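I opened the model to look up a few helices, some loop positions and the overall build. My entries follow in the order I made them.

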Amino acid sequence: MPASPSTARAINDRVALRLLQQEGPLTAGQLKQLTGLSRPTVADLVERLTAAGLIEVVGESGEQRRGPNARLYGIVADRAHLAALDVRTEGVSVVVSDLLGRELARASVPIADDTGTGPAVEQAVTLVERAAKEAGAERLHTVGVGAPGLIDPATGELRDSSGLPEWHRRLVAALQERLPARVIVENETNLAALAEQRDGAARDRDTFVLLWLGHGTGAAVVLDGRLRRGASGGTGEIGFLPVPGTSTLPSATDCEGGFHSLAGSAAIAELAAGHGLVATAVSPGEPEAAALVRQAVATLSSPSASPSPSPSPSPSPSAFSGADRFLSALADRLAIGAASVVAVLDPGCVVLGGEVGQVGGEVLAARVGERLARMSPLPVEVRASALGGGAVLRGALLTARESAQDDLFAPRSR
């Protein structure tokens with residue numbers, strides 16, 4: 001059936017808004033060319049969107065052109081303000097942006113293990129409120145939250161998870177109570193995968209698996225362009241994967257003995273110590289494993305360079321050998337978990353994500369890829385994260401922005 005005039009107008013409006021979002025400011029002529037719509041139709045939609053406060057004139061195209069045909073139209077960026085949160089066991093980070101995703105404020109706060117639930121929640125909510133004020137946002141339209149643990153696919157809420165602080169669950173409710181905003185919660189690894197697909201190492205992939213390597217371990221699965229969460233929201237809980245090389249088996253309440261025992265930050269630090277490596281984190285909250293992997297890669301990649309931020313002599317042959325053995329042993333461990341995922345899903349691409357995956361770079365990714373090629377008959381490319389730990393915030397912001405735009409760009413009754 002042909003679309004009604006109102007439906008056709010709504011479709012045209014959304015197409016134009018998406019183009020302005022993707023391409024930036026455009027003239028009416030450029031909108032006509034990109035949409036294939038007639039000049040009168042474009043003129044009508046520009047008038048509608050301007051009257052609705054969604055677009056505005058932001059300049060003119062070309063120094064030699066003047067008049068209505070040269071006007072550049074862009075989305076009204078401050079029509080809505082968004083926030084993204086990365087909630088970790090040791091603290092919270094927040095970014096506030098406009099509707100186009102331009103960062104306006106950024107802040108973080110550490111939360112100690114012995115902080116009570118109430119004070120921890122208050123610190124986190126206050127952080128968001130202060131960042132919004134710094135950004136000049138009177139109110140937030142949508143807040144995207146990335147957190148460890150399981151997200152109930154039916155309710156979209158963070159489920160009770162052993163080993164995670166109680167303030168995580170309480171935080172979401174507090175944000176909904178204190179802020180006049182829509183709050184969207186998603187597993188941190190899933191958000192990292194969305195960010196890597198949009199802006200990072202998997203931009204050209206519709207199917208891939210992100211292996212999260214930070215303080216803990218996790219995986220995110222993207223098949224045919226869609227993030228897969230599973231029946232209970234637990235797709236990618238790879239820390240519980242039973243693997244060889246551990247002294248016990250994981251349980252329903254404890255991932256000790258699973259892949260986490262091989263690839264979590266503490267396990268990687270212990271492995272590095274066995275090869276004589278020590279390192280200091282270069283930023284607050286950085287997993288110890290990331291600092292160790294960074295030093296090992298620097299030692300192998302630039303033998304004449306200092307492996308630490310402070311000047312020091314060139315690495316000795318023993319240090320070079322220790323770094324090489326450490327990265328090889330780590331690649332062996334990572335390949336065990338990756339091979340299990342590849343055998344079940346055949347994703348064709350595995351991204352080593354998180355802080356460890358980013359600092360490991362091509363050096364670590366190549367070693368894991370070599371081992372997978374020997375272990376699996378299925379072709380798979382191993383890539384290093386382009387976004388590292390920052391992928392969670394980026395993914396949360398993308399999720400918040402898309403939700404806000406879906407709401408604001410939705411057709412209104414006329």
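First, the term I need for every element: helices (H or I, at least four residues) and strands (E, at least two) are DSSP runs, numbered from the N terminus. I count residues from 1 along each chain as its sequence is written. The model is predicted, so I take local features at pLDDT of at least 70 and side-chain atom pairs at pLDDT 80 or more, while totals for chains, interfaces and linings use all residues; side-chain values use heavy atoms, without hydrogens and water.

**Entry: Arg367**

I started with Arg367, which sits in helix α11 (residues 354-375). Buried or exposed? I looked up its relative accessible area, and at 15% Arg367 is buried. My cut-offs: buried means under 20% relative accessible area, exposed over 50%, partly exposed in between (1.4 Å probe, protein chains only). Next I listed contacts, meaning heavy atoms within 4.5 Å. Leaving out residues up to four places away in sequence, Arg367 touches Leu300, Asp324, Leu327, Ser328 and Ala331.

**Entry: Gly322**

I then moved to helix α10 (residues 317-345), where Gly322 is found. Gly322 counts as buried, at 2% relative accessibility. Beyond its neighbours within four places in sequence, Gly322 is in contact with His275 and Leu277. I also checked a C-alpha separation: Gly322 and Thr299 are 23 residues apart along the chain, and 9.5 Å lies between their C-alpha atoms.

**Entry: Ser261**

Ser261 belongs to helix α7 (residues 260-263). With 18% relative accessibility, Ser261 counts as buried. I looked for polar contacts here. My rule: a pair of N or O atoms within 3.5 Å; within protein, one must be able to donate a hydrogen and the other to accept it, and residues adjacent in sequence count only if both atoms are side-chain atoms. The side chains of Ser261 and Glu256 are joined by such a contact at 3.2 Å. The Ser261 side chain also reaches the backbone nitrogen of Gly257, at 2.7 Å. Setting aside neighbours within four places in sequence, I find Ser261 in contact with Thr246, Cys255, Glu256, Ala267 and Arg333.

**Entry: helix α3**

Helix α3 (residues 39-51) has 13 residues. From first C-alpha to last it reaches 18 Å, close to the 18 Å expected at 1.5 Å a residue. The expected span is 1.5 Å times one less than the number of residues. Which residues of α3 are buried? I noted Val42, Leu45, Val46, Arg48 and Leu49. They cover an arc of only 165 degrees around the axis, which puts them on the same side of α3. That arc is taken from the directions from the helix axis to the C-beta atoms. The buried residues of α3 pack against α1 (5-23), α2 (28-35), β1 (55-60) and β2 (71-75). On the face turned away from the buried side I found the exposed residues Arg39, Pro40, Glu47 and Ala51. After α3 comes Gly53, with a positive phi near 75 degrees.

**Entry: helix α6**

Helix α6 (residues 188-199) has twelve residues and spans 16 Å from its first C-alpha to its last, close to the 16 Å expected at 1.5 Å a residue. I find α6 mostly covered, with nine of its twelve residues buried. Among them are Glu188, Asn190, Leu191 and Gln197. What caps the N-terminal end of α6? Asn187 does, with a side-chain oxygen 2.9 Å from the backbone nitrogen of Thr189.

**Entry: positive phi**

Most residues other than glycine have a negative phi. Asp224 has a positive phi of about 55 degrees although it is not a glycine. Asp224 lies in the loop between β9 (217-223) and β10 (226-228). Asp224 is exposed, at 63% relative accessible area. Asp346, also not a glycine, has a positive phi of about 50 degrees. Asp346 sits in the loop between α10 and β11 (349-353). At 41% relative accessibility, Asp346 counts as partly exposed.

**Entry: the whole protein**

I closed with the overall build. The protein has twelve helices and twelve strands. Buried residues make up 50% of its 414 residues. Along the principal axes, the C-alpha atoms fill a box of roughly 75 × 50 × 50 Å. Of the contacts with a separation of 6 or more, 63% come from residues 24 or more positions apart.
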